Amino acid sequence: MPARSSLSFGSARLLIPLVGLVGLILGLTRLTPREPAAELRVVDAVSIATLDPAQMSWLQDIRVASQLYEGLYVPSARSTGVEPGCALELPGSDDSSLRFQIRTDARWSNGDPVTTDDFIFAWRRAVEPGTARDYSFFLYLIRGVREYVDWRNTEIERIGRLPPNERGAAAAAHRLEADRRFSETGIVREDGRTLRIELVRKVAYFRSLLAGPVFLPLHRGSVERFARWSDTGLLFFDPHWCKPGNTQYNGAYSLADWTFKRGLLLTKNPAYRDAASVAVGSVEWLDVASVDTAWLMYATGRAGWLLSLEAGFAPELVQQSDSPLPGALNHSGRKRDDVHAFPAFGTYFYNFNCLPWLPDGGRNPFADARVRLAFSMAVDRVALVSQVTRRDEPPATTIIPPGMITGYPHVEGAGLDLSRARSLLAEAGYPGGRGFPEVTLLFNNEANHGLIAQSVAAMWSQSLGVPVRLLGKEAQSYREDKKQHRFMVARASWYGDYDDPTTFLDVFRSDNGNNDSAYADPEYDRMLARADGLPDASARLQALAQCERYLFNGSMPAVPLFHYVNIYAFDPKRLTGVSLSPRLLPLLRNVRVSTSQPGAAGSD
């Protein structure tokens, strides 16, 4: 039986309850009210990074995009699945070729009809070398798109080697040829409202992908004004195109205002195809990094909905609350009913930097899989969730949340085993941790990431004898360091984008834009490609499970810590229509705010 360690490294001091603060907050009644800025005020803990659908990968950005735009499919408000959006799938479609007809009442916020060209423009823009980001590879499932991108990259490089006085004519000719080549891909315009998509193979989960941000349409007439071409034929866009007033929206809401790192204002889109059912006319979406400030705003009526309750006393609030909502985990409290805990389709983990060399030029010990496995086996996840996070999160040894994907088998990864961890570290040349360089653990300062980092660092120092230095940064600096692999170990999390195991497993593919660990294993890539292409659904899921076992029983590009439990805070008598979707993508168009009771929206 694996050895089990206790959390005897000062966590008790870290978890001293904030009795005084809790008493103050729970005892407050109401701050001096002012005129409300919006009908509903929503608080998120993380700042918006971008509102460009082609460049989104962070949950907070995708949440907002789901209010502003509507794709062929939209995320379901009640499950990890999808439902029809601004178009209807036509009879005769299958898993390799799909046809859609855009609804006649699908309109942009200025009244223009949503057209096939709006989708084709947005999708082409999403794969162009100057604008493509983390999710562009999803479009490679469409016939000819990967070949188009490869050709574009090759030609841009060729033109860049020409003398400057020859580039203009070459780039102009190249642009004409690019138009022709893209028109021959599997993104087919049948007419102004009918779109056909021809895939490279059968993809059972492609409909779920179509609800993602990279497949959203853009109002071509407004966005195209911000296009810029370099003298080598590279297409890019002035980022101001997605600022308020510069484009149109086909979702339930329009962007009225956006102040970076403070929040944004959404107003009801009167041209939305189902505007009559949208009850909330305006929503103020605030970025509040301080978890205690966020709760104080809610407790005093200055916010109506917390999208993530992260304060240190959140576990006590969950225990006090009897949530009436289907899917909630807490039904036994007796003091309140406005705190709602529910399982999320996401996992909290630490990425290892798997590159052979560190940013400072030193040799990277985490390039050795034995070292990565040793560090993973030295984490007591049960102690972490029971004594540190205390939200009843399921401890994680693998990346895919169990029970969320129908038919996917349960997979176990390498768990706590201190004896084996120390042996592996010794085999790698660091007996007792001797000679191991100082480990820097990168995290963003929001929420309780620092507390978790302190606890895990103490486990590694105590159990493996390695020095660990904590490196907390503000969100933007943290994101940039992680994306550029400027770390040894970095906090990470992943929420599933669609209802299939590959939404998690693809993250560790060597060519994936979200592979922040820089993990590159040809055998894993081959296993994943073979498994994903199997025609039999059951055999495919079994083969994908084997890929997950491979990752987290030896190769170990990351340390899974726990599967997420999210906590909303809102009064269910004042705010209705909110569903506890595991994907954490609430659709404001379904929400109703009661005006019969004061404080429903909060005041400014």
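Helices (H or I, at least four residues) and strands (E, at least two) are DSSP runs, numbered from the N terminus. The views below show a predicted model, in which local features need pLDDT of at least 70, side-chain atom pairs count only at pLDDT 80 or more, and totals for chains, interfaces and linings use all residues. Residues are numbered from 1 along each chain as its sequence is written, and side-chain values use heavy atoms, with hydrogens and water left out.

**View A. L584 in the loop between β19 (575-576) and β20 (592-593).** L584 is not a glycine, yet its phi is positive, at about 60°. Most residues other than glycine have a negative phi. L584 is buried (under 20% relative accessible area; exposed is over 50%, partly exposed in between; 1.4 Å probe, protein chains only), with a relative accessible area of 1%.

**View B. D392 in the loop between α12 (381-389) and α13 (418-427).** D392, also a residue other than glycine, has a positive phi near 60°. The relative accessibility of D392 is 70%, so D392 counts as exposed.

**View C. Helix α6 (residues 164-183) and its surroundings.** This helix has 20 residues and reaches 29 Å from its first C-alpha to its last, close to the expected 28 Å. The expected span is 1.5 Å times one less than the number of residues. Buried positions of α6 are R167, A170, A171, H174, A178 and F182. Among the elements that cover them are α4 (116-127), α5 (145-160) and β6 (187-191).

**View D. R124 of helix α4.** R124 has a relative accessible area of 17% and is therefore buried. Its side chain is joined to that of D179 by a polar contact of 2.9 Å. A polar contact is a pair of N or O atoms within 3.5 Å; within protein, one must be able to donate a hydrogen and the other to accept it, and residues adjacent in sequence count only if both atoms are side-chain atoms. Neighbours within four places in sequence aside, R124 is in contact (heavy atoms within 4.5 Å) with Y148, A178, D179 and F182.

**View E. The largest cavity and its lining.** On a 1 Å grid over the protein atoms alone, a cavity is a set of points where a 1.4 Å probe fits but cannot get out, and lining residues have an atom within 4 Å of a point. The whole structure holds four cavities of 30 Å³ or more, and the largest has a volume of about 60 Å³. Its lining consists of V43, D44, A45, V288, V291, A294, W295, L306, S308, L309 and E310. By class, eight of these are nonpolar, one is polar and two are charged. β1 (40-44) and α9 (291-299) each supply at least two lining residues, and α9 gives the largest share, three residues.

**View F. V43 in strand β1.** V43, one of the residues that line the largest cavity, counts as buried at 3% relative accessibility. Residues up to four places away in sequence not counted, V43 touches L286, V288, A294, M297, A303, W305, L306 and L307.

**View G. A558 in strand β18 (residues 558-569).** A558 counts as buried at 0% relative accessibility. With residues up to four places away in sequence not counted, A558 touches F349, Y350, N351, F352, F508 and F552. A558 and A492 lie 66 residues apart in sequence, and their C-alpha atoms are 9.0 Å apart in space.

Key:
1 Å grid on protein atoms, 1.4 Å probe; cavity = no way out; pocket = protein on both sides within 12 Å on 5 of 7 lines; lining within 4 Å. Points joined across faces, edges and corners; volume = space filled by probe spheres on them. Nonpolar A, V, L, I, M, F, W, Y, C, P; charged D, E, K, R; others polar.
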